[in-house]
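Open the model in a viewer and keep the sequence panel beside it. The stops below say what to select next and what is there.

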Amino acid sequence: MATLRVLGVDPGLTRCGIGVVDVAADRSARLVHVGVIRTDAGTPIEHRLAALAAGLREVVRAHGPAVVAVERVFAQHNRQTVMGTAQASGIALLVAGEAGLPAATHTPTEVKAAVTGYGAADKRQVQTMVARVLRLDELPQPADAADALALALCHAWRRGPASASVAAGALTPAQQRWADSERLARR
């Protein structure tokens with residue numbers, strides 16, 4: 001059974017969650033790698049971004065993902081937080097481009113809905129579902145790492161091997177409604 005290897009990135013300057021999963025056409029998944037790239041808030045921004053890029057390049061080199069999924073930056077009240085997240089997101093997309101990998105972005109709501117079935121799920125619910133899907137003995141920690149794994153799963157389920165079963169008409173009625181609404185939203 002063919003699998004899709006996805007690198008999920010939960011962007012952040014202080015903590016950037018990374019997760020690599022293999023997802024089969026039947027939506028089953030296996031954990032390949034999970035971690036967090038950390039940078040010190042007191043370090044100059046250019047060094048923090050360079051450290052983040054180096055860490056992401058190492059993950060790409062070591063684990064050979066086929067695609068990179070990054071959390072889409074959304075508006076927050078804290079401008080400094082959104083700027084750091086946007087910068088980290090840009091670095092993740094740059095590293096994907098350098099490696100010749102396709103990249104996609106997904107909103108937090110899309111990820112939560114894909115993994116838990118509820119777009120307003122809390123961190124604990126996401127961690128719990130990621131642990132179940134990947135058959136982990138413990139919840140992935142910290143939450144940034146769990147979010148990165150959830151991003152990777154979301155991408156694979158929405159854009160990856162499952163699309164072969166979509167073409168074959170193997171969707172449940174609920175999955176068909178989801179696919180129809182996604183198709184309409186892209187117009």
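In which loop is Arg135 found? Select Arg135: the residue is in the loop between helix 4 and helix 5. Helices (H or I, at least four residues) and strands (E, at least two) are DSSP runs, numbered from the N terminus.

Before going on, note that this is a predicted model, in which local features need pLDDT of at least 70, side-chain atom pairs count only at pLDDT 80 or more, and totals for chains, interfaces and linings use all residues. Residues are numbered from 1 along each chain as its sequence is written, and side-chain values use heavy atoms, with hydrogens and water left out.

Arg135 counts as exposed, at 57% relative accessibility. Here buried means under 20% relative accessible area, exposed over 50%, and partly exposed in between (1.4 Å probe, protein chains only).

Next select Glu138, which is in the loop between helix 4 and helix 5. Glu138 is exposed, with a relative accessible area of 63%.

A cis peptide bond joins Gln141 to Pro142, with omega about -10°.

**The whole chain**

Zoom out and colour by secondary structure. The protein has seven helices and five strands, and along the sequence they follow the pattern β-β-β-α-β-α-β-α-α-α-α-α. Of the 187 residues, 44% are buried.

**Between strand 2 and strand 3**

Select Arg27, in the loop between strand 2 and strand 3. Phi of Arg27 is near 80°, a positive value in a residue other than glycine. At 32% relative accessibility, Arg27 counts as partly exposed.

**Helix 1**

Select residues 45-63, the 19 residues of helix 1. At 1.5 Å a residue they should span 27 Å, and the end C-alpha atoms are 27 Å apart, which agrees. The expected span is 1.5 Å times one less than the number of residues.

Which residues of helix 1 are buried? They are Arg48, Leu49, Leu52, Ala53, Gly55, Leu56, Val59, Val60 and His63. Look down the helix axis: the buried residues of helix 1 fall within an arc of 165°, so they line one face of the helix. The arc is that of the directions from the helix axis to the C-beta atoms. On the other side of helix 1, Glu46 and Arg61 are exposed.

Show what the buried residues of helix 1 pack against: strand 1 (3-10), strand 2 (15-24), strand 3 (29-38) and helix 2 (79-98). Contact means heavy atoms within 4.5 Å. Just after helix 1, select Gly64, which takes a positive phi of about 55°.

**The largest pocket**

Finally, select Asp10, Pro11, Thr81, Thr85 and Asp144. Of the 29 residues that line the largest pocket, these are the closest to its centre. The largest pocket has a volume of about 620 Å³. Helix 2, helix 3 (108-116), helix 4 (123-133) and helix 5 (143-159) each supply at least two residues of the lining. The largest share, six residues, comes from helix 2.

A pocket here is an open set of points on a 1 Å grid over the protein atoms alone, where a 1.4 Å probe fits, with protein on both sides within 12 Å along at least five of seven lines; lining residues have an atom within 4 Å of a point. Grid points are joined across faces, edges and corners, and the volume is the space filled by probe spheres set on them.
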